[in-house]
Amino acid sequence: KTKLEMQKKQETLKNDQVVLQTTRQNLTTSISTLENQQQDYTQKQSAYKSQKAESDELLKQLEDEQQTYSEYRNQDQAELNAVNAEIAKAAEIYKKKLEAKKKKKAATTTTTTTTQAAQDNNSTTKQETTTEATTKDEDNSKLKMTYPVPSQTKITCGYGSAGYAGHTGVDFSCPAGSAVVAAESGIVIISKDLTNSDGSYRSYGRYIVIMHDKTDSAGNYVYTLYAHNKSRLVSEGQYVSKGQQIAWSGSTGNSTGPHCHFEVRVNGSRVNPNNYL
């Protein structure tokens, strides 16, 4: 019985050795395949970087000749998504504040109007005056945007321009240090620098976002973005008037040269600024 058990154990050991050897061979083959794939990926990545650098250089040369600047076409979508999420979050916070402020103002106006009507026998005259004031207030509450760079009202790279389908704003090429102003009155919800670990600027560079205190014709809240600035002159939470200077233009971040990248966003979606300027 003991001899039979020993034979079974030896057979089991031999089978285990065969399995281990097969596993080792499979692992060796897998490692070799992965190494080849890694080498292929590295070569493709190197080729992509080379092509990207060549493409960026050609674009830079072309725009230097034309003196019309925009952004390099190769952008990190994951990075843009993260920036857009941050902007949407800030917009939602200030939207709630604006709505709360409007409700408070409406409640105060209603109380005041009711009190005055009760004190005055000529209620018809009071109603007409109130209606006239309300109409005037509604007219003042609509968006009437001005150009973000007063010295440059010509758009040098349009919204969704040919060859640049991903362009979600309009560009105003202008000398570095040109005044950048608020297109409409509102609250600065973002004023910050987007930088890499080495301190260089990325994406929108030094940029500003303003949530406007006036709505569009459909009653939507609108906010505007001003990117690639040389310097920012306003801070988050600051109220700005229409036409007030908020920055000096520059070429920070993903920019081919000095210009102001201007975006209009409605309910989180970027829309054509031409419809508002």
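**Reading a helix residue and the strand pairings**

Colleague: In which helix does Lys101 lie?

Modeller: Lys101 belongs to helix H2, residues 77-119. Helices (H or I, at least four residues) and strands (E, at least two) are DSSP runs, numbered from the N terminus. This is a predicted model, where local features need pLDDT of at least 70, side-chain atom pairs count only at pLDDT 80 or more, and totals for chains, interfaces and linings use all residues. Residues count from 1 along each chain as its sequence is written, and side-chain values use heavy atoms, without hydrogens or water.

Colleague: Why does Lys101 count as exposed?

Modeller: Buried means under 20% relative accessible area, exposed over 50%, partly exposed in between (1.4 Å probe, protein chains only). Lys101 counts as exposed because its relative accessibility is 61%.

Colleague: How many residues of strand E3 are buried?

Modeller: Seven of the ten, so strand E3 (residues 186-195) is mostly covered.

Colleague: Which strands does E3 pair with?

Modeller: Two strands pair if DSSP finds at least two bridges between them. E3 pairs antiparallel with strand E4 (residues 201-215) over eight bridges. There, Ser191 stands opposite Ile208. Five residues separate the strands of this hairpin, and Gly199 takes a positive phi near 90 degrees. E3 also runs antiparallel to strand E7 (residues 239-240), joined by two bridges. Gly186 faces Val240 of E7.

Colleague: In what order do the strands of the open sheet come?

Modeller: E2-E8-E6, three strands with antiparallel pairing. Strands E2 (179-181) and E6 (231-232) are the edges, each pairing on one side only. Two antiparallel bridges link E6 to strand E8 (residues 245-248). Ser231 has Trp248 in E8 as its bridge partner.
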